[in-house]
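Q: I have a new structure open. Can you walk me through it?

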Amino acid sequence: MQGILRVAAAVPHLYLGNVDKNVEAHLEKIAEAKEKHASLVVFPELSLTGATCGDLFRQQTLMGSVWHGIKALAENMPDGITAVVGAPVEWRGRLFNCGVIVSRDTIHGAVPKMY
């Protein structure tokens, strides 16, 4: 299927503030998308934490879990598929709602929400 990109939209079960469980749920959806021959799977915003964490977004424990979770996703991604996961990202003292792009063993980058 040269020239065709199959994209999957996935909505995993959310465990509010539990990044490790959310990573497991993401990996299940990624495996399902891979079985259906998708090359890219896109998740909702803040899908690694949930959007209602409030003040917890400023806690080092949660933010450390987010980066650990993103690295774990990259390390466990199957070959041949890329994911865009929603995560809070702190950069230069500011907090951003980002889509983080990961594939096998690679974190490609993060794109902040614009609107």
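Here is a short chat about this model.

A: Start with the ground rules. This is a predicted model, where local features need pLDDT of at least 70, side-chain atom pairs count only at pLDDT 80 or more, and totals for chains, interfaces and linings use all residues. Residues are numbered from 1 along each chain as its sequence is written, and side-chain values use heavy atoms, with hydrogens and water left out.

Q: What is the mean pLDDT of the protein?
A: The mean is 93, and 99% of the residues reach 70 or more. pLDDT is the predictor's confidence in each residue, from 0 to 100.

Q: Which strands pair in the antiparallel sense?
A: Strand 4 (residues 94-103) and strand 5 (residues 106-112) do, over six bridges. Strands are DSSP runs of E, at least two residues; helices are runs of H or I, at least four; both are numbered from the N terminus. Two strands pair if DSSP finds at least two bridges between them.

Q: And what sits between them?
A: Two residues, in a hairpin. D105 in the turn has a positive phi of about 60°. V102 has I107 in strand 5 as its bridge partner.

Q: New topic. Which residues touch the most other members of the largest nonpolar core?
A: I30, V41, A83 and V100, out of 28 residues. Helix 2 gives the most to this core, with six residues. A nonpolar core is a set of buried Ala, Val, Leu, Ile, Met, Phe, Trp, Tyr and Cys residues joined through side-chain atoms within 4.5 Å. Buried means under 20% relative accessible area, exposed over 50%, partly exposed in between (1.4 Å probe, protein chains only).

Q: What is V100 in contact with?
A: Leaving aside neighbours within four places in sequence, its contacts include I70, A83, V89 and I107. Contact means heavy atoms within 4.5 Å.

Q: Where is L73 found?
A: In helix 2. L73 is buried, with a relative accessible area of 0%. Beyond its neighbours within four places in sequence, L73 is in contact with residues including V23, I30 and V85.

Q: Is T49 buried or exposed?
A: T49 is buried, at a relative accessible area of 0%. T49 lies in the loop between strand 2 and helix 2.

Q: What sits over the ring of Y15?
A: The charged end of K21, 5.1 Å from the ring's centre. A charge sits over a ring if NZ of Lys or CZ of Arg is within 6 Å of the ring centre and within 35 degrees of the ring normal.
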